[in-house]
Amino acid sequence: MSLVTISELAIRFRGPALFENVSFRVEPGQRIGLLGRNGAGKTTLMKMLCGTVEPDAGSILFSPSTRVAILGQEVPQNITGEIQEIVATGLEQATGDPGAEPLEDWQIEIQVEQILSRMELDPTTRFESLSSGMKRRVLLAKALVTDPDLLLLDEPTNHLDIEAIKWLETFLTKSRFAIMFVTHDRAFLRSMANRILEIELGRLFDWTCDYDTFLVRKEQAIASEEKQNALFDKKLADEEVWIRKGIKARRTRNEGRVRALKAMREQRQQRQKKTGTSKLQIQEAGRSGALVIECKEASFSWPDQPVFADFSTTIMRGDKLGIIGRNGAGKSTLLKCLLGDLQPTAGAIRQGTNLEIAYFDQLREQLDEERTVEENVGGGSDQIEINGRNKHVLGYLQDFLFEPARARTPVKFLSGGERNRILLAKLFARPANVIVLDEPTNDLDAETLELLEEKLIEFQGTILMVSHDREFLNNVVTSTIVFEAEGINEYVGGYDDWVRQTGGSTVTRAEIKPPKTEKKQSSGDQAASVGMRKLKYKERLELEKLPAEIDKLEGEIAGIHEAMGQADFFKESGEKIAQIQQQLKDLENDLARAMERWEELESLEG
């Protein structure tokens with residue numbers, strides 16, 4: 001039996017309908033990725049499912065005793081109290097069976113203790129004292145404590161560090177409840193979703209597949225649509241020629257054909273209203289000096305807390321550097337030290353010459369919420385200089401998908417994704433040769449995120465970036481600084497490269513240790529320190545066979561992906577589709593184990 005049945009749903013907010021005739025079902029155990037542009041209505045749909053927004057038309061029917069919980073996109077500013085108190089309120093606010101018996105105090109206490117233990121939260125810590133990421137974790141615990149049948153997650157990975165995101169993935173994939181989630185994190189989406197729903201222009205498209213298959217099928221659908229549009233435009237052009245023929249033809253023309261032409265004109269007009277893609281451009285300033293930042297044995301401590309110690313690095317022009325670590329580890333502090341906003345408590349950090357820095361702030365403190373988008377970006381002027389030429393600020397904002405009416409809206413009324421687009425517009429309104437990004441991907445829709453990624457890859461200057469988005473790091477950065485248990489270390493490549501080099505070492509707050517005394521190691525000591533030993537005979541045979549096994553598994557996985565990408569694949573029975581999806585999951589798990597074992601044996605062999 002379906003958990004939720006949505007029929008002919010419609011809603012509008014002082015304008016065109018946000019939804020119209022939207023219908024779908026949510027089945028037990030499904031993990032649904034909800035996709036769509038910023039402002040398409042994803043959050044509104046989830047608010048309707050949890051009962052905080054009423055639709056204008058249509059119905060939402062739940063099966064008996066269905067419990068629904070939601071984790072919203074923003075962290076409310078007015079929440080205060082101990083963590084255990086905050087989480088306990090989730091049991092009081094849950095949407096579910098109105099006839100259910102209220103829980104006893106001891107039952108509430110047990111459920112709260114269990115979820116706090118699983119999420120590694122201290123029950124007596126004050127909520128208002130936590131970092132943004134830890135507040136997010138508490139609110140997630142508040143949603144999970146109800147043991148919901150349907151969990152709604154709006155950007156669940158925002159402000160979570162990589163360890164927390166990986167924990168969340170593991171927790172959710174093992175959970176029995178159904179999930180509907182909105183996320184910008186493509187790695188999370190790829191790992192979690194077994195069904196994709198997409199909202200576009202007020203309509204809902206059910207792709208009934210995982211994310212990778214969706215990408216293939218979406219590309220095929222776009223190509224087909226472009227071909228159909230070209231044929232439609234040719235037919236419309238022919239009809240426009242016919243309607244403008246001489247007086248004799250007009251007197252005898254077919255009125256049905258005239259009405260059809262009018263309908264075609266309206267159809268084309270509607271097509272032209274389709275949301276476009278951001279025309280994001282990065283203005284590059286003159287070249288900086290070859291040396292951008294030099295850091296020599298630098299340390300930094302707050303009065304009551306050491307942050308990092310004895311760290312050295314050299315950043316050259318053109319480097320694209322990612323910074324990874326747990327929330328509270330000191331990533332933003334390190335960034336500010338490298339930029340000269342904070343002075344190290346020991347060691348030395350110096351900046352190179354001719355640096356033009358553009359800074360993206362994850363807390364959006366550069367935005368005045370009472371002022372409009374136009375005022376925030378234009379700074380009081382209606383003109384912006386772009387690549388040496390003046391452009392009206394409203395025209396510039398249209399490149400970031402802000403129509404004039406939206407550009408005159410105060411920032412406080414905009415969504416998180418729109419606010420991030422304002423920051424990008426403000427960031428790139430002036431030339432730079434060093435771009436600093438502190439969590440730039442939060443709340444961005446997929447198209448804007450991919451365009452930002454593309455522009456950063458093309459950028460000839462230097463990039464310093466703090467991010468928990470694994471795919472974004474993989475695609476953009478050329479080296480990575482990681483806060484690990486033993487201190488801060490630097491690695492070549494992105495997130496996956498770091499995992500390969502360390503075997504997935506835990507990212508944590510760097511432990512500050514006393515200065516190291518130099519001691520020369522013998523070759524035996526060096527071998528012991530990295531765990532090297534001679535492979536046994538069976539291990540050597542296993543190592544020789546693993547590459548062929550890995551190739552075989554990768555081939556089988558590629559074959560299944562190709563089959564799932566075919567248009568007629570989802571005409572198969574639900575049972576067969578589920579069987580193939582399970583086969584794919586098993587193969588991917590086998591491949592991960594084989595890769596892990598191969599790396600382990602390779603490292604032992606030295």
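The model is predicted: local features need pLDDT of at least 70, side-chain atom pairs count only at pLDDT 80 or more, and totals for chains, interfaces and linings use all residues. Residues are numbered from 1 along each chain as its sequence is written, and side-chain values use heavy atoms, with hydrogens and water left out.

A nonpolar core is a set of buried Ala, Val, Leu, Ile, Met, Phe, Trp, Tyr and Cys residues joined through side-chain atoms within 4.5 Å. Buried means under 20% relative accessible area, exposed over 50%, partly exposed in between (1.4 Å probe, protein chains only).

| Core | Size | Residues include |
|---|---|---|
| Largest | 46 residues | Tyr396, Leu424, Phe428, Ile435, Leu456 |
| Second, separate | 44 residues | Val138, Leu153, Phe177, Cys209 |

Helices (H or I, at least four residues) and strands (E, at least two) are DSSP runs, numbered from the N terminus. Beyond four places in sequence, Ile435 is in contact (heavy atoms within 4.5 Å) with partners including Ile282, Ala358, Phe428 and Leu456.

The open sheet has six strands in the order 14-17-18-12-19-20, with mixed pairing. Two strands pair if DSSP finds at least two bridges between them. Strand 14 (357-360) and strand 20 (487-492) are the edges. Strands 14 and 17 (residues 434-438) run parallel, joined by four bridges. Tyr359 has Val436 of strand 17 as its bridge partner.

Thr44 lies in helix 1 (residues 42-49). Thr44 counts as buried because its relative accessibility is 15%.
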